[in-house]
Amino acid sequence: MCARSDEAGPKAGPETVPAPETGPATGPGQRPRPLFCLVTGASGYIGGRLVPELLDAGHRVRCLARSPDRLRDHDWAGRAEVVRGDVTDAASTAAAMHGVDVAYYLVHSLTAGSAFEQRDRDAARTFAEQARAAGVRRIVYLGGMAPAGVPTRSLSPHLRSRAEVGEIFLRAEVPATVLRAAVVIGSGSASFEMLRYLTERLPVMVTPSWVGTRVQPIAVRDVLRYLVGSATMPDDVNRPFDIGGPDVLTYAEMMRRYATVAGLPHRLILRVPMLTPRLSSLWIGLVTPVPRGLARPLAESLRHEVVADEHDVARYVPDPPGAPIPFDRALALALQRVREAKVTTRWSNASLPGVPSDPLPTDPDWAGGSLYTDHRELATDASAGALWQIIEGVGGDNGWYSAPLAWAVRGWLDRLVGGAGIRRGRRDAARLRVGDSLDFWRVEEIEPGRMLRLRAEMRLPGLAWLEMYADPHPGPPGSRGASYRQRALFHPHGLLGHLYWWCVSPFHAVVFGGMARNITRAAERIDTAPPSDGE
């Protein structure tokens, strides 16, 4: 339910980070001195929204990211400091902690297998130790709400790991605020997307028994408010807080209320007790954009009742009138954001487990291997501006401008093997930024008006990229015409990777060739379209 980041990966080298300048202590009647906050997980769903909230509250913010370039196109990027590092690496974490007052830990693993719990445990201990050494005043952690009366050993591995990370911070020498949430409702959250697509696509639903489990959802706006307010808690506060909205509902009630808020007909829900979390994750992956690897921990977290035992957080972060936000209002706000294409972060902002994160190699013999390419170039009468408009708008509802059935089949095959598939869509219908997910691609680089580079996150026996360029024709000022360049690249892993390229390359003329032709034609239609009213 909570956002994760791309920071749990290969160790990064330390960077020397200067300490912030601090002003004199404030006196009576003066505003408290702004705090210096470190945010991990800023490329994730919650972290990407928390940073501007902290800045707007007057605090200074430093972000620790394994891939700082993924944060550069956020609206707040120029107001926050970004340093390279990894929470699993003590040296880079220590450097990032220098001079920090409050450290936010918003990093979670969503990988499977037995190793992820130990990685989460080691990362939390490293973070706590470096916070102590740097003199950090408080650690703030957002975890999952634990079901009452259920032994920790009976929880799902991911809920158990969240609980253990919280305990590590509470036992550390630095005071900690551990916020525990159940289902977070907000535009782009994995929980909201799962609820949305299940309800919208299935007027009659055959559901697992957990749809009858009671949960206490919370609006993302309230989560952010509690996170920001936690920064100024008194130094003697070291404890967990349950955070939830005012409604306690079963998942079936949540689906029915979503249908009402969204203006959909009544949904018929039929429960099938034998649907296990594993089968549920396959079902969720089939119907929604949420991939199986993420759907399973979401489904597992709904097996037990998760209702807040207390609301003590309001003693330190008072609720304003109308807060916490009721469930129906949280749904309406999220739907409004979706319909207005104002989704600032999405669950897919963070990299999925198992997908490649290597940048495009600049050396054709990178790592001693091969780099296959498919290059297309077409001249067009369209302007470079019109061409770029089409390039930046690819994917999502706009599609890929060639062989839609082939793209759909490739997406289904990816889903069958646990990949993201092609239904993640876009964060924004017209604009992209570095780090955005785009169906089964991720934006690796943008040169506005000229170049878009996408890195494949589909399951492949190798690494793949797709580049698209809009180059204006050289000529006198005011002359029209442009050149569209397209390059698909594939770095195979082993013999299977080479076989994969040789098997799919005969289809490239249809897929990539058709894509180049149709993109240039679409750009030409933009330039020849009559002006709209008012222009």
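Reader: Which residues of α6 are buried?
Author: Helices (H or I, at least four residues) and strands (E, at least two) are DSSP runs, numbered from the N terminus. Buried means under 20% relative accessible area, exposed over 50%, partly exposed in between (1.4 Å probe, protein chains only). By that test, the buried residues of α6 are V220, D222, V223, L224, R225, Y226, L227, V228, G229 and S230.

Reader: What kind of model is this, and which atoms do side-chain values use?
Author: It is a predicted model: local features need pLDDT of at least 70, side-chain atom pairs count only at pLDDT 80 or more, and totals for chains, interfaces and linings use all residues.

Reader: Why is α6 described as largely enclosed by the rest of the structure?
Author: Helix α6 spans residues 220-230. It is largely enclosed because, of its 11 residues, the number buried is 10.

Reader: What covers the buried residues of α6?
Author: Contact means heavy atoms within 4.5 Å. The cover includes one helix, α1 (45-56). It also includes the strands β4 (102-105), β5 (138-144), β6 (176-181), β7 (184-185) and β10 (218-219).

Reader: Which residues of β4 point one way, and which the other way?
Author: In a regular strand the side chains alternate between the two faces of the sheet. In β4, all four residues named here are buried. One way point V102 and Y104; the other way, A103 and Y105.

Reader: Which residues stand opposite V102?
Author: Two strands pair if DSSP finds at least two bridges between them. Strand β1 (residues 36-40) joins β4 by three bridges, running parallel, and β4 joins β5 by four, also parallel. Opposite V102 stand C37 and, in β5, R138.

Reader: What does the side chain of T177 make a polar contact with?
Author: T177 is in strand β6 and is buried, at 0% relative accessibility. Leaving aside residues up to four places away in sequence, T177 touches R138, I139, V140, Y141, S230, M233, R239 and F241. A polar contact is a pair of N or O atoms within 3.5 Å; within protein, one must be able to donate a hydrogen and the other to accept it, and residues adjacent in sequence count only if both atoms are side-chain atoms. At 2.9 Å, the partner is the side chain of R138.

Reader: Which are the edge strands of the six-stranded open sheet?
Author: The order is β14-β19-β18-β17-β16-β15, with antiparallel pairing. Inside it, β18 (residues 462-472) and β19 pair over 11 bridges, with A470 opposite Y484. The edge strands pair on one side only: β14 (372-380) and β15 (437-438).

Reader: At what angle does α13 run to β19?
Author: Helix α13 lies across β14 and β19. Axes are lines fitted to C-alpha atoms, for helices over the stretch in contact, and angles run from 0 to 180 degrees between N-to-C directions. For α13 and β19 the angle is about 145°.

Reader: How many aromatic pairs does a search of the whole structure find, and why is F490 with Y500 called tilted?
Author: Rings of Phe, Tyr and Trp (its six-membered ring) pair if their centres lie within 6.5 Å; planes under 30 degrees apart count as stacked, over 60 as edge-to-face and the rest as tilted. The search finds 14 pairs. F490 and Y500 have ring centres 5.5 Å apart, and the pair is tilted because the planes stand at 45°.

Reader: How many residues apart in sequence are the parts that this pair ties together?
Author: F490 is buried at 2% relative accessible area; Y500 is partly exposed at 24%. F490 lies in β19 (residues 482-492) and Y500 in α13 (residues 494-504), so the pair ties together parts whose separation in sequence is 10 residues.

Reader: Which rings have an arginine over them?
Author: A charge sits over a ring if NZ of Lys or CZ of Arg is within 6 Å of the ring centre and within 35 degrees of the ring normal. The charged end of R60 is 4.4 Å from one ring centre. R485 is 4.1 Å from another. The rings belong to F36 and Y469.

Reader: How far apart are the C-alpha atoms of M515 and S402?
Author: M515 lies in helix α14 (residues 508-528) and is buried at 0%. Its contacts include W400, Y401 and S402. Along the chain M515 and S402 are 113 residues apart, yet their C-alpha separation is 4.8 Å.

Conventions. Residues numbered from 1 in each chain as written. Heavy atoms only, no water.
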